[in-house]
Amino acid sequence: MRLRRVTSLLLALGALALTALALTDLSWTARLVAAVLFVVAYAGLVAWVRRSLRQQERLLDALADGLASLHDRDYSMSISEPADDARLRRLVVAYNGLGERLRAQRQDLFQRELLLDTVIQASPLALVLTNARGAVLYANLAARQLLGAGRKLEGLAFAGLLEPLPPALREALEGEQDRLVTAPLEGDAQVLHVAHRGFLLNGQPHRLRLVKQLTREMNAQEVAVWKKVIRVIAHEINNSVAPIASLAQSGQRLAEQPDPAQLRRVFAAIDERMSHLSQFVDGYSRFAKLPRPRPGAVDWSRFLSSLQAVSAFAIEEPLPAGSGWFDESQIEQVMINLLKNAAEAGSPPGQTSVRVTPGRGGWTVEVHDRGSGMSPEVLTNALLPFYSTKPAGSGLGLTLCREIVEAHGGTLDAGNRHDGPGAAVRFWLPPAPPGTDYRLRGSLADDSTHTP
(Lines give C-alpha, C1' and ligand atoms only; values in the text may rest on other atoms or scores of the structure.)
Protein backbone atom coordinates (compact mmCIF):
# COMPACT_ATOMS: atom_id res chain seq x y z
CA MET A 1 0.00 0.00 0.00
CA ARG A 2 2.79 2.42 0.90
CA LEU A 3 4.71 1.53 -2.29
CA ARG A 4 1.68 2.35 -4.40
CA ARG A 5 1.19 5.73 -2.73
CA VAL A 6 4.87 6.68 -3.09
CA THR A 7 4.87 5.62 -6.77
CA SER A 8 1.78 7.71 -7.47
CA LEU A 9 3.38 10.68 -5.70
CA LEU A 10 6.63 10.37 -7.68
CA LEU A 11 4.74 10.08 -10.97
CA ALA A 12 2.75 13.19 -10.10
CA LEU A 13 5.94 15.10 -9.25
CA GLY A 14 7.55 13.93 -12.51
CA ALA A 15 4.54 15.10 -14.53
CA LEU A 16 4.67 18.50 -12.84
CA ALA A 17 8.38 18.78 -13.53
CA LEU A 18 7.89 17.96 -17.24
CA THR A 19 5.06 20.49 -17.44
CA ALA A 20 7.27 23.16 -15.91
CA LEU A 21 10.06 22.29 -18.32
CA ALA A 22 7.70 22.55 -21.26
CA LEU A 23 6.70 26.08 -20.23
CA THR A 24 10.27 27.43 -20.11
CA ASP A 25 11.67 29.85 -22.73
CA LEU A 26 14.23 27.33 -24.02
CA SER A 27 14.19 26.23 -27.61
CA TRP A 28 12.25 23.13 -28.52
CA THR A 29 15.47 21.23 -29.08
CA ALA A 30 16.86 22.14 -25.66
CA ARG A 31 13.57 21.42 -23.98
CA LEU A 32 13.36 18.02 -25.70
CA VAL A 33 16.91 17.05 -24.65
CA ALA A 34 16.26 18.26 -21.11
CA ALA A 35 13.00 16.32 -20.98
CA VAL A 36 14.66 13.11 -22.19
CA LEU A 37 17.48 13.44 -19.64
CA PHE A 38 14.95 14.24 -16.89
CA VAL A 39 12.80 11.25 -17.75
CA VAL A 40 15.79 8.88 -17.77
CA ALA A 41 17.14 10.21 -14.47
CA TYR A 42 13.73 10.38 -12.84
CA ALA A 43 12.84 6.84 -13.98
CA GLY A 44 16.03 5.53 -12.37
CA LEU A 45 15.20 7.39 -9.15
CA VAL A 46 11.68 6.00 -9.14
CA ALA A 47 12.97 2.46 -9.77
CA TRP A 48 15.49 2.78 -6.90
CA VAL A 49 12.88 4.15 -4.51
CA ARG A 50 10.42 1.39 -5.47
CA ARG A 51 13.08 -1.30 -5.01
CA SER A 52 14.06 0.06 -1.57
CA LEU A 53 10.45 0.31 -0.46
CA ARG A 54 9.72 -3.17 -1.79
CA GLN A 55 12.67 -4.61 0.19
CA GLN A 56 11.53 -2.81 3.32
CA GLU A 57 7.97 -4.06 2.91
CA ARG A 58 9.19 -7.63 2.38
CA LEU A 59 11.36 -7.31 5.48
CA LEU A 60 8.49 -5.91 7.55
CA ASP A 61 6.19 -8.65 6.30
CA ALA A 62 8.83 -11.22 7.26
CA LEU A 63 9.12 -9.66 10.73
CA ALA A 64 5.33 -9.71 11.13
CA ASP A 65 5.21 -13.38 10.09
CA GLY A 66 8.11 -14.14 12.42
CA LEU A 67 6.38 -12.50 15.37
CA ALA A 68 3.21 -14.44 14.59
CA SER A 69 5.31 -17.63 14.57
CA LEU A 70 6.80 -16.72 17.95
CA HIS A 71 3.27 -16.18 19.26
CA ASP A 72 2.40 -19.69 18.02
CA ARG A 73 5.57 -21.05 19.71
CA ASP A 74 7.26 -21.75 16.38
CA TYR A 75 10.84 -20.57 16.79
CA SER A 76 12.29 -22.07 13.61
CA MET A 77 11.92 -18.96 11.39
CA SER A 78 14.92 -16.65 10.79
CA ILE A 79 15.30 -13.58 8.52
CA SER A 80 18.20 -12.58 6.23
CA GLU A 81 19.91 -9.36 7.27
CA PRO A 82 19.54 -6.38 4.91
CA ALA A 83 22.86 -4.97 3.64
CA ASP A 84 21.92 -1.31 2.96
CA ASP A 85 19.90 -0.28 6.04
CA ALA A 86 21.70 -0.26 9.40
CA ARG A 87 18.59 0.33 11.49
CA LEU A 88 16.62 -2.49 9.89
CA ARG A 89 19.69 -4.72 10.15
CA ARG A 90 19.80 -4.12 13.93
CA LEU A 91 16.10 -4.99 14.15
CA VAL A 92 16.61 -8.22 12.18
CA VAL A 93 19.66 -9.17 14.26
CA ALA A 94 17.63 -8.65 17.46
CA TYR A 95 14.77 -10.79 16.10
CA ASN A 96 17.11 -13.60 15.00
CA GLY A 97 18.87 -13.53 18.39
CA LEU A 98 15.54 -13.77 20.20
CA GLY A 99 14.47 -16.71 18.05
CA GLU A 100 17.79 -18.51 18.64
CA ARG A 101 17.51 -18.01 22.40
CA LEU A 102 13.92 -19.27 22.44
CA ARG A 103 14.92 -22.32 20.37
CA ALA A 104 17.72 -23.11 22.80
CA GLN A 105 15.42 -22.69 25.81
CA ARG A 106 12.74 -24.87 24.25
CA GLN A 107 15.30 -27.57 23.44
CA ASP A 108 16.62 -27.43 27.01
CA LEU A 109 13.07 -27.59 28.37
CA PHE A 110 12.27 -30.50 26.07
CA GLN A 111 15.33 -32.40 27.30
CA ARG A 112 14.36 -31.76 30.92
CA GLU A 113 10.78 -32.86 30.27
CA LEU A 114 12.06 -35.97 28.52
CA LEU A 115 14.35 -36.76 31.45
CA LEU A 116 11.55 -36.17 33.97
CA ASP A 117 9.11 -38.28 31.97
CA THR A 118 11.69 -41.08 31.66
CA VAL A 119 12.26 -41.07 35.42
CA ILE A 120 8.53 -41.00 36.19
CA GLN A 121 7.72 -43.72 33.68
CA ALA A 122 10.49 -45.95 35.07
CA SER A 123 9.39 -45.39 38.68
CA PRO A 124 7.53 -48.24 40.42
CA LEU A 125 5.41 -45.56 42.10
CA ALA A 126 2.00 -45.35 40.38
CA LEU A 127 1.22 -41.68 39.63
CA VAL A 128 -2.14 -40.33 38.40
CA LEU A 129 -2.97 -36.64 37.85
CA THR A 130 -6.64 -35.64 37.51
CA ASN A 131 -8.38 -32.32 36.91
CA ALA A 132 -11.39 -30.76 38.66
CA ARG A 133 -13.81 -32.85 36.55
CA GLY A 134 -12.12 -36.11 37.54
CA ALA A 135 -10.56 -36.78 34.13
CA VAL A 136 -7.08 -38.30 33.97
CA LEU A 137 -4.51 -35.83 32.63
CA TYR A 138 -1.39 -37.93 33.16
CA ALA A 139 -0.59 -41.48 34.26
CA ASN A 140 2.77 -43.27 34.24
CA LEU A 141 3.38 -46.90 33.29
CA ALA A 142 2.91 -48.19 36.84
CA ALA A 143 -0.47 -46.45 37.04
CA ARG A 144 -1.49 -47.89 33.67
CA GLN A 145 -0.65 -51.40 34.89
CA LEU A 146 -2.54 -50.87 38.15
CA LEU A 147 -5.66 -49.19 36.75
CA GLY A 148 -5.88 -50.01 33.06
CA ALA A 149 -4.04 -53.27 32.33
CA GLY A 150 -1.34 -51.30 30.50
CA ARG A 151 -3.57 -49.14 28.27
CA LYS A 152 -3.37 -45.35 28.13
CA LEU A 153 -5.53 -43.59 30.71
CA GLU A 154 -5.32 -39.95 29.61
CA GLY A 155 -8.79 -38.51 28.99
CA LEU A 156 -10.66 -41.27 30.83
CA ALA A 157 -12.85 -40.74 33.90
CA PHE A 158 -10.89 -41.65 37.03
CA ALA A 159 -14.01 -42.93 38.84
CA GLY A 160 -14.63 -45.48 36.10
CA LEU A 161 -11.10 -46.85 36.43
CA LEU A 162 -11.66 -47.62 40.12
CA GLU A 163 -14.64 -49.94 39.67
CA PRO A 164 -12.65 -53.19 39.05
CA LEU A 165 -10.29 -52.54 41.99
CA PRO A 166 -10.58 -54.27 45.38
CA PRO A 167 -12.90 -52.31 47.70
CA ALA A 168 -10.17 -51.31 50.20
CA LEU A 169 -7.92 -49.86 47.49
CA ARG A 170 -10.88 -48.19 45.74
CA GLU A 171 -11.96 -46.46 48.95
CA ALA A 172 -8.39 -45.29 49.62
CA LEU A 173 -8.12 -43.77 46.13
CA GLU A 174 -11.56 -42.16 46.38
CA GLY A 175 -10.70 -40.58 49.74
CA GLU A 176 -8.58 -37.54 50.43
CA GLN A 177 -6.19 -38.68 53.17
CA ASP A 178 -3.07 -40.82 53.01
CA ARG A 179 -3.71 -44.45 53.89
CA LEU A 180 -1.95 -47.77 54.22
CA VAL A 181 -4.09 -50.58 52.83
CA THR A 182 -3.86 -54.29 52.15
CA ALA A 183 -5.59 -55.42 48.97
CA PRO A 184 -5.57 -58.62 46.86
CA LEU A 185 -3.78 -57.91 43.57
CA GLU A 186 -2.55 -60.46 41.05
CA GLY A 187 -3.59 -63.29 43.34
CA ASP A 188 -1.61 -62.12 46.38
CA ALA A 189 -2.26 -59.75 49.26
CA GLN A 190 -0.34 -56.56 48.56
CA VAL A 191 0.44 -53.74 50.99
CA LEU A 192 0.00 -50.32 49.35
CA HIS A 193 0.57 -46.77 50.55
CA VAL A 194 -1.89 -44.32 48.95
CA ALA A 195 -1.01 -40.60 49.10
CA HIS A 196 -3.09 -37.60 47.94
CA ARG A 197 -1.84 -34.14 47.02
CA GLY A 198 -4.08 -31.29 45.85
CA PHE A 199 -2.84 -28.11 44.13
CA LEU A 200 -3.89 -25.35 41.74
CA LEU A 201 -2.68 -25.43 38.13
CA ASN A 202 -3.62 -22.50 35.87
CA GLY A 203 -6.14 -21.48 38.49
CA GLN A 204 -7.90 -24.87 38.39
CA PRO A 205 -7.84 -27.49 41.20
CA HIS A 206 -5.96 -30.68 40.38
CA ARG A 207 -5.28 -33.81 42.43
CA LEU A 208 -2.22 -36.03 42.34
CA ARG A 209 -2.55 -39.60 43.62
CA LEU A 210 0.48 -41.72 44.41
CA VAL A 211 0.33 -45.47 45.05
CA LYS A 212 3.49 -47.08 46.41
CA GLN A 213 3.98 -50.84 46.53
CA LEU A 214 5.30 -51.70 49.99
CA THR A 215 4.95 -55.49 50.01
CA ARG A 216 8.57 -56.21 49.12
CA GLU A 217 9.89 -53.52 51.44
CA MET A 218 7.71 -54.72 54.29
CA ASN A 219 8.83 -58.31 53.72
CA ALA A 220 12.45 -57.19 53.90
CA GLN A 221 11.72 -55.12 56.99
CA GLU A 222 9.86 -58.01 58.57
CA VAL A 223 12.94 -60.21 58.12
CA ALA A 224 15.06 -57.53 59.77
CA VAL A 225 12.50 -57.16 62.55
CA TRP A 226 12.36 -60.89 63.17
CA LYS A 227 16.16 -60.96 63.47
CA LYS A 228 15.91 -58.17 66.00
CA VAL A 229 13.17 -60.05 67.86
CA ILE A 230 15.31 -63.18 67.99
CA ARG A 231 18.15 -61.12 69.47
CA VAL A 232 15.76 -59.57 72.02
CA ILE A 233 14.34 -62.95 73.01
CA ALA A 234 17.79 -64.50 73.24
CA HIS A 235 18.99 -61.59 75.35
CA GLU A 236 15.97 -61.80 77.66
CA ILE A 237 16.28 -65.56 78.06
CA ASN A 238 20.00 -65.29 78.78
CA ASN A 239 19.29 -62.59 81.35
CA SER A 240 17.02 -65.04 83.14
CA VAL A 241 18.86 -68.32 82.54
CA ALA A 242 22.26 -67.07 83.69
CA PRO A 243 21.02 -65.95 87.17
CA ILE A 244 18.98 -69.17 87.51
CA ALA A 245 22.08 -71.25 86.74
CA SER A 246 24.09 -69.29 89.30
CA LEU A 247 21.33 -69.65 91.90
CA ALA A 248 21.14 -73.39 91.19
CA GLN A 249 24.85 -73.74 91.92
CA SER A 250 24.38 -71.78 95.12
CA GLY A 251 21.51 -74.06 96.07
CA GLN A 252 23.70 -77.13 95.52
CA ARG A 253 26.32 -75.76 97.87
CA LEU A 254 23.69 -74.86 100.46
CA ALA A 255 22.26 -78.39 100.19
CA GLU A 256 25.57 -79.75 101.52
CA GLN A 257 25.30 -77.47 104.57
CA PRO A 258 21.57 -76.79 104.85
CA ASP A 259 20.54 -73.24 105.72
CA PRO A 260 16.74 -72.94 105.41
CA ALA A 261 16.74 -69.13 105.26
CA GLN A 262 19.35 -69.01 102.51
CA LEU A 263 17.60 -71.78 100.57
CA ARG A 264 14.28 -69.89 100.74
CA ARG A 265 15.99 -66.77 99.34
CA VAL A 266 17.58 -68.80 96.53
CA PHE A 267 14.28 -70.46 95.59
CA ALA A 268 12.42 -67.13 95.81
CA ALA A 269 14.94 -65.56 93.44
CA ILE A 270 14.61 -68.51 91.03
CA ASP A 271 10.80 -68.24 91.19
CA GLU A 272 10.95 -64.49 90.49
CA ARG A 273 13.18 -64.94 87.45
CA MET A 274 11.02 -67.80 86.13
CA SER A 275 7.86 -65.70 86.59
CA HIS A 276 9.45 -62.80 84.68
CA LEU A 277 10.52 -65.15 81.89
CA SER A 278 7.06 -66.73 81.75
CA GLN A 279 5.37 -63.32 81.42
CA PHE A 280 7.80 -62.32 78.70
CA VAL A 281 7.21 -65.48 76.65
CA ASP A 282 3.44 -65.32 77.22
CA GLY A 283 3.29 -61.80 75.76
CA TYR A 284 4.83 -62.98 72.50
CA SER A 285 2.99 -66.30 72.38
CA ARG A 286 -0.37 -64.49 72.46
CA PHE A 287 0.63 -62.78 69.23
CA ALA A 288 2.11 -65.90 67.62
CA LYS A 289 -0.91 -68.12 68.32
CA LEU A 290 -4.39 -66.78 67.80
CA PRO A 291 -7.44 -68.99 68.36
CA ARG A 292 -9.94 -69.30 65.55
CA PRO A 293 -12.63 -66.61 65.88
CA ARG A 294 -16.03 -67.83 67.03
CA PRO A 295 -18.39 -65.20 65.59
CA GLY A 296 -21.89 -64.56 66.75
CA ALA A 297 -24.54 -61.86 66.65
CA VAL A 298 -23.45 -58.82 68.71
CA ASP A 299 -25.58 -55.73 69.35
CA TRP A 300 -23.54 -52.67 68.41
CA SER A 301 -25.02 -50.37 71.03
CA ARG A 302 -24.39 -52.80 73.89
CA PHE A 303 -20.91 -53.65 72.60
CA LEU A 304 -19.75 -50.03 72.37
CA SER A 305 -21.39 -49.05 75.66
CA SER A 306 -19.47 -51.80 77.46
CA LEU A 307 -16.24 -50.46 75.95
CA GLN A 308 -16.96 -46.98 77.30
CA ALA A 309 -16.55 -48.42 80.78
CA VAL A 310 -12.96 -49.33 79.85
CA SER A 311 -11.93 -46.23 77.86
CA ALA A 312 -13.63 -42.88 77.40
CA PHE A 313 -14.73 -42.09 73.84
CA ALA A 314 -17.70 -40.67 71.94
CA ILE A 315 -20.05 -42.78 69.82
CA GLU A 316 -21.03 -41.17 66.52
CA GLU A 317 -24.72 -41.69 65.91
CA PRO A 318 -26.60 -43.27 64.37
CA LEU A 319 -25.43 -46.83 64.86
CA PRO A 320 -26.45 -49.36 62.20
CA ALA A 321 -29.68 -51.23 62.75
CA GLY A 322 -29.35 -54.88 63.60
CA SER A 323 -26.38 -56.76 65.01
CA GLY A 324 -22.83 -57.31 63.90
CA TRP A 325 -21.35 -60.76 63.34
CA PHE A 326 -17.96 -61.29 64.99
CA ASP A 327 -16.10 -62.80 67.92
CA GLU A 328 -16.97 -60.31 70.64
CA SER A 329 -13.94 -60.95 72.87
CA GLN A 330 -11.45 -60.67 70.01
CA ILE A 331 -12.95 -57.52 68.45
CA GLU A 332 -13.16 -56.08 71.97
CA GLN A 333 -9.40 -56.58 72.22
CA VAL A 334 -8.99 -54.80 68.87
CA MET A 335 -11.02 -51.83 70.08
CA ILE A 336 -9.17 -51.64 73.41
CA ASN A 337 -5.82 -51.57 71.57
CA LEU A 338 -7.00 -48.84 69.19
CA LEU A 339 -8.46 -46.70 71.97
CA LYS A 340 -5.30 -47.17 74.03
CA ASN A 341 -3.19 -46.04 71.08
CA ALA A 342 -5.39 -42.95 70.70
CA ALA A 343 -4.95 -42.03 74.37
CA GLU A 344 -1.18 -42.60 74.23
CA ALA A 345 -0.99 -40.38 71.12
CA GLY A 346 -2.27 -37.47 73.22
CA SER A 347 -5.92 -37.44 72.15
CA PRO A 348 -8.23 -35.95 74.83
CA PRO A 349 -10.91 -38.49 75.90
CA GLY A 350 -13.71 -36.32 74.57
CA GLN A 351 -12.00 -35.98 71.17
CA THR A 352 -11.72 -39.72 70.46
CA SER A 353 -14.74 -41.07 68.59
CA VAL A 354 -15.96 -44.37 67.17
CA ARG A 355 -18.22 -44.66 64.14
CA VAL A 356 -19.88 -47.81 62.78
CA THR A 357 -21.42 -47.73 59.31
CA PRO A 358 -22.74 -50.41 56.94
CA GLY A 359 -20.39 -51.00 54.04
CA ARG A 360 -19.75 -53.58 51.31
CA GLY A 361 -22.38 -55.87 52.83
CA GLY A 362 -20.73 -55.83 56.26
CA TRP A 363 -19.70 -53.11 58.72
CA THR A 364 -16.94 -50.52 58.78
CA VAL A 365 -15.64 -49.47 62.21
CA GLU A 366 -13.60 -46.26 62.42
CA VAL A 367 -11.66 -44.93 65.40
CA HIS A 368 -10.79 -41.22 65.07
CA ASP A 369 -8.61 -39.32 67.52
CA ARG A 370 -7.12 -35.84 67.89
CA GLY A 371 -3.64 -36.94 68.85
CA SER A 372 -0.34 -36.25 67.14
CA GLY A 373 -1.21 -38.32 64.07
CA MET A 374 1.22 -40.50 62.13
CA SER A 375 4.40 -39.29 60.47
CA PRO A 376 5.24 -40.71 57.00
CA GLU A 377 7.70 -43.14 58.62
CA VAL A 378 5.16 -44.33 61.18
CA LEU A 379 2.46 -44.60 58.50
CA THR A 380 4.74 -46.81 56.41
CA ASN A 381 5.76 -49.10 59.29
CA ALA A 382 2.61 -49.00 61.43
CA LEU A 383 1.50 -52.54 60.55
CA LEU A 384 4.94 -54.10 60.89
CA PRO A 385 5.23 -56.50 63.83
CA PHE A 386 7.36 -55.23 66.73
CA TYR A 387 7.57 -51.71 65.26
CA SER A 388 6.87 -49.16 67.97
CA THR A 389 7.61 -45.49 68.65
CA LYS A 390 7.03 -45.92 72.38
CA PRO A 391 10.07 -46.46 74.63
CA ALA A 392 8.45 -49.45 76.37
CA GLY A 393 6.19 -50.56 73.52
CA SER A 394 6.25 -54.10 72.17
CA GLY A 395 5.05 -53.12 68.68
CA LEU A 396 2.40 -55.84 68.71
CA GLY A 397 -0.80 -53.85 69.31
CA LEU A 398 -1.74 -52.71 65.80
CA THR A 399 -0.30 -55.84 64.20
CA LEU A 400 -2.38 -58.02 66.53
CA CYS A 401 -5.46 -55.96 65.57
CA ARG A 402 -4.79 -56.61 61.91
CA GLU A 403 -4.32 -60.35 62.52
CA ILE A 404 -7.64 -60.59 64.39
CA VAL A 405 -9.55 -58.60 61.76
CA GLU A 406 -8.06 -60.60 58.88
CA ALA A 407 -8.88 -63.84 60.72
CA HIS A 408 -12.50 -62.65 60.62
CA GLY A 409 -12.15 -62.20 56.85
CA GLY A 410 -11.94 -58.40 57.09
CA THR A 411 -9.37 -55.73 56.35
CA LEU A 412 -7.66 -53.03 58.44
CA ASP A 413 -5.91 -49.86 57.34
CA ALA A 414 -4.49 -46.84 59.14
CA GLY A 415 -3.93 -43.22 58.19
CA ASN A 416 -4.29 -39.60 59.27
CA ARG A 417 -7.45 -37.53 59.47
CA HIS A 418 -8.09 -35.13 56.58
CA ASP A 419 -10.08 -32.65 58.70
CA GLY A 420 -7.27 -31.73 61.08
CA PRO A 421 -4.65 -33.37 63.29
CA GLY A 422 -5.11 -36.91 64.51
CA ALA A 423 -5.11 -40.50 63.30
CA ALA A 424 -7.89 -42.58 61.74
CA VAL A 425 -7.85 -46.38 61.94
CA ARG A 426 -10.56 -48.25 60.11
CA PHE A 427 -11.41 -51.92 59.81
CA TRP A 428 -14.10 -53.75 57.88
CA LEU A 429 -15.92 -56.88 59.04
CA PRO A 430 -17.81 -59.17 56.64
CA PRO A 431 -21.54 -59.87 57.03
CA ALA A 432 -23.09 -62.88 58.70
CA PRO A 433 -22.95 -66.08 56.65
CA PRO A 434 -26.07 -67.04 54.69
CA GLY A 435 -26.12 -70.58 56.09
CA THR A 436 -25.25 -72.40 59.28
CA ASP A 437 -22.30 -74.29 57.78
CA TYR A 438 -19.96 -71.35 57.90
CA ARG A 439 -16.21 -71.23 57.96
CA LEU A 440 -14.54 -67.87 58.21
CA ARG A 441 -12.35 -66.78 55.36
CA GLY A 442 -8.75 -66.74 56.56
CA SER A 443 -9.69 -68.43 59.85
CA LEU A 444 -7.40 -70.92 61.47
CA ALA A 445 -7.91 -74.49 62.56
CA ASP A 446 -8.53 -75.02 66.27
CA ASP A 447 -5.12 -76.55 66.84
CA SER A 448 -3.16 -74.41 64.41
CA THR A 449 -0.74 -71.59 65.07
CA HIS A 450 -0.22 -68.56 62.93
CA THR A 451 2.69 -66.20 62.60
CA PRO A 452 2.48 -63.09 60.45
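**Figure 1. The salt bridge between Asp-178 and Arg-197.** In this predicted model, the side chains of Asp-178 and Arg-197 meet in a salt bridge, with a distance of 3.3 Å from N to O. Asp-178 lies in the loop between α6 (167-174) and β3 (179-185), whereas Arg-197 belongs to strand β4 (residues 188-201), so the pair ties together parts that are 19 residues apart in sequence. The two partners are described by their relative accessibility: Asp-178 counts as buried because its value is 18%, where buried means under 20%, while Arg-197, with a relative accessible area of 42%, is partly exposed. Side chains of opposite charge can pair when their charged atoms come close.

**Figure 2. The salt bridge between Arg-302 and Glu-328.** The side chains of Arg-302 and Glu-328 meet in a salt bridge of 3.0 Å, N to O. This pair links distant parts of the chain, with Arg-302 in helix α9 (residues 300-308) and Glu-328 in helix α10, 26 residues apart. Arg-302 counts as partly exposed at 42% relative accessibility, and Glu-328 counts as partly exposed at 28%.

**Figure 3. Helix α10 and the glycine that follows.** Helix α10 is made of 17 residues (residues 328-344), which at 1.5 Å a residue should span 24 Å, and its end C-alpha atoms are 24 Å apart, in agreement with that expectation. Buried positions in α10 are Gln-330, Ile-331, Val-334, Met-335, Asn-337, Leu-338, Leu-339 and Ala-342. The helix is followed by Gly-346, whose phi is positive, near 95°.

Figure 4. Glu-316 forms a salt bridge with Arg-355, in which the closest N and O atoms are 3.5 Å apart. The pair links distant parts of the chain, since Glu-316 is in the loop between β7 and β8 and Arg-355 in strand β9, 39 residues apart. Glu-316 counts as partly exposed at 25% relative accessibility, and Arg-355 likewise counts as partly exposed, at 29%.

**Figure 5. A salt-bridge network that includes Arg-360.** Salt bridges that share partners join Glu-171, Arg-179, Arg-360, Asp-413 and Arg-426 into one network. Of these residues, Arg-360 is found in the loop between β9 (353-359) and β10 (362-368), where Arg-360 has a positive phi of about 55° although it is not a glycine. At 30% relative accessibility, this arginine counts as partly exposed.

**Figure 6. The backbone at Ala-149.** Ala-149 is placed in the loop between α4 (141-148) and α5 (158-162). The phi of Ala-149 is near 55°, a positive value in a residue other than glycine. With a relative accessibility of 74%, Ala-149 counts as exposed, a class that requires a value over 50%.

Methods:
Residues are numbered from 1 along each chain as its sequence is written. This is a predicted model: local features need pLDDT of at least 70, side-chain atom pairs count only at pLDDT 80 or more; totals for chains, interfaces and linings use all residues. Side-chain values use heavy atoms; hydrogens and water are left out. Helices (H or I, at least four residues) and strands (E, at least two) are DSSP runs, numbered from the N terminus. Buried means under 20% relative accessible area, exposed over 50%, partly exposed in between (1.4 Å probe, protein chains only). The expected span of a helix is 1.5 Å times one less than its number of residues. A salt bridge is a side-chain nitrogen of Lys or Arg within 4 Å of a carboxyl oxygen of Asp or Glu.
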